[in-house]
There are 2 protein chains.
Amino acid sequence: MRLNIDVDKSVFSKRVEKCTQVMKDQEIDVLLLTKPSNMYYLTGDGRLCAFTMVNSDKQVAVGVPQTDVEDVTELAQFNHISAFEDEVGMIHTIADFFKQFGVSKGTVGLEHTFLTSSMMKMLTHPHAKPEGVTTKDCTDILSKLRMIKEPIEIKLMKEAGKIADIGMEAAIVSLKEGMTESQIAGEGEYAMRQAGAEGFWRSYVASGIRTRIAHGIPTNRKVKNGDIVMIDLHPIANNYSSDICRMACIGEPTSEQVKAHEVYLEALQKTTGKSVAGVGMVELEKTLHGVLQNAGYADNIFGPTIHGIGINFEEAPLPPGHAFFHGEKAPPPLNENIPIAIGNCGIYTNRWGIRLEDTVVVGSNQPQILTKYPYTLKR
Amino acid sequence: MRLNIDVDKSVFSKRVEKCTQVMKDQEIDVLLLTKPSNMYYLTGDGRLCAFTMVNSDKQVAVGVPQTDVEDVTELAQFNHISAFEDEVGMIHTIADFFKQFGVSKGTVGLEHTFLTSSMMKMLTHPHAKPEGVTTKDCTDILSKLRMIKEPIEIKLMKEAGKIADIGMEAAIVSLKEGMTESQIAGEGEYAMRQAGAEGFWRSYVASGIRTRIAHGIPTNRKVKNGDIVMIDLHPIANNYSSDICRMACIGEPTSEQVKAHEVYLEALQKTTGKSVAGVGMVELEKTLHGVLQNAGYADNIFGPTIHGIGINFEEAPLPPGHAFFHGEKAPPPLNENIPIAIGNCGIYTNRWGIRLEDTVVVGSNQPQILTKYPYTLKR
């Protein structure tokens, strides 16, 4: 499978138009973006060491390394482009765009959930930002725009879902005693790149007793007979992501593990079933937790249950509690065409953990499940 | 090759002791760290969603997800450990440690080059940080400590260098017409995981005209006859990183490309040769740029020339200009046992780019080169 789906470039100018509406509502005069996913969403290109500015007149200015001007010109939709040589040049380019936009006072929106304090200092350097311009977090503007996906985005995410399935199959089929967790991750990642992924977010593979920890970053632990293995993959294809987690066992799982896996699957499927327009994030969380609690795992639940997914593999909507600490707003009832990853929490004992995760699109009457690899603990 | 080099755990308490000295010099009473590499350096474990606090009495407190307590206890050196269920719990755990350390005023050091504004807000939430405690950037404390590597660290980085060579060989040997850039990256990554890498930082593969851009994130562009390919890999093994970049050609490179490759190699080798104790970063930069400028490429140079490397693949020391904007201090003359990656800038025309990079340890009399894969543009 080789993917290369063309995205009609008119979508970007429509998004910029919507963006300026939300900017007005939130009293922001200019956006200054450096998060690649936000820049991609509005222009068709997002890359490292670049920035995008958008003003209330729907004018889009991009600043890029001097090496990248032609490449960005081919890929992105914008009104102005400037090249810089280094950080000093970048700062001056930002200042020039403020001038060009006629903005010497008002408010510039910055990505508080992305910028480190040192990056913030650089973007608001007195040689970049006019003194009279105040700053404000613009995270919510982009989250609002990006949350409900357009038909083309759903199409791209379906492809990302297929690639996740291919990666999962390769990883699970490869499993044998003596492999390291890292090698298992490598099987999944290799297959995803073969199948058309341009990349992936960090893979998690944990085995045996390491399945009890919250973030199973692969190690050189060798899997042995009787080990259960937790595999969590996140391919990126055509700029969009998907998220899948499955469990598998080398040999025979214990009856306790089989039971927990069955209960978790029931919780996942019940929550997925409720993923229709109008449902609240809290209701989905309660549904998933409810099944686990009723089966006696109330003290074994850890981790936020659900997260939005799209260009980033974790994005808005987030459940209210989690959202608050991650600089996002608590989400309204979910609309149709919001993709979410369900199953980000797990059942954790002090000897093993069980978790399953799928990428699901909230539907008008029924959800669309984008990751379809079977849920078989025993192979 | 399977690596699993044991690190004597006494190194961590010695580092904490040195750390408290630097804290005193910089008038910081408590460190509150969440950057995994900094936490690993001081305790032997660094992971997502966790924090480490260090006070001036060499007391180390760690806060971890409740699922991870036993795993962290096995891996890390600390005096106090607390578990939390979620972000609210994390905040309260931080408050508890401030109390336990008897710190209600003074200064807490935070990682300004790592924390986003929203993470900063969470860590300094009124329920976490006592009102009387002010905050200060502690980036430089950890950079100072981590810059000169201990013998065990050099040993681990040598292993990371070997893995980079194995990855590069696999990627270059695999090259054939019709492969995508992403698939080429996959060959290198797969081989590195096979050879003992627990993971890797983002791989770069750019081919043909895409070699002209500064950050060649792999795409589904298919390589064709006559394309040059830029491959940049960054394995992580035993928590340490290495960095290698090589060029290869599908078929025959042009004479222009061959010449630029020769010049770049000369620049790299001359700069590597000067990497001995007492040399300044600026002198190394000038050496590399000098060779390129003298060969007529003055207008084709882009990108910072050199960066430090260790647990992170980009860390202090950074050249002064670059350091300033990345929240780091300008480095003093380089000491023995500072590993650097040389060759982070390139020769860029509007049709192609050439870049080569090696991981090199500054030596007393001569440098140690950790990445040794041959520099052959023609295969």
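Predicted model: local features only at pLDDT ≥ 70, side-chain atom pairs only at ≥ 80, totals over all residues.
## Two domains, two chains

Chain A is divided into domain 1 (10–146) and domain 2 (148–369).

### Between the domains of chain A

Let us start inside a single chain. The C-alpha centres of domain 1 of chain A and domain 2 of chain A are 33 Å apart. Where the two touch, domain 1 of chain A puts in 11 residues and domain 2 of chain A puts in 12 residues. On the domain 1 side of this contact, helix H2 (36–43) and helix H6 (139–147) of chain A each provide at least two residues. H6(A) gives the most to that side, with four residues. Sorted by class, the domain 1 side holds three nonpolar, five polar and three charged residues.

### Between chain A and chain B

Now for the contact between the chains. Here 51 residues of chain B are in contact with 51 residues of chain A. Four helices of chain B give two or more residues each to the side that touches chain A:

| Helix of chain B | Residue range |
|---|---|
| H3 | 69–75 |
| H5 | 117–123 |
| H8 | 181–194 |
| H11 | 320–325 |

H8(B) gives the most to this side of chain B, with eight residues. The residues of chain B that touch chain A divide into 18 nonpolar, 21 polar and 12 charged.

How are the two copies related? In general, two copies of a chain are related by a rotation about an axis and a shift along it. Here, chain B is superposed on chain A by a rotation of 180° with 0.0 Å of shift along the axis, and the RMSD is 0.0 Å. That is the relation of a two-fold axis. The same surface serves both copies, as 100% of the contact residues of chain B recur in chain A. Which residue of chain B comes closest to the rotation axis? It is B:Thr116, whose C-alpha is at 2.1 Å from the axis.

Finally, a look at some strands. Chain B has an open sheet of three strands in the order E13-E16-E17, with antiparallel pairing. Its edge strands are E13 (301–302) and E17 (353–354) of chain B, and each pairs on one side only. E13(B) and strand E16 (residues 346–348) of chain B run antiparallel and are joined by two bridges. For B:Phe302, the bridge partner in E16(B) is B:Gly346.

Technical notes:
Residues numbered from 1 in each chain as written. Chains lettered and ligands numbered in written order. Pairing = 2+ DSSP bridges. Contact = placed C-beta atoms within 7 Å. Nonpolar A, V, L, I, M, F, W, Y, C, P; charged D, E, K, R; others polar. Least-squares fit on C-alpha atoms with pLDDT ≥ 70 in both. Domains from an automatic or database assignment.
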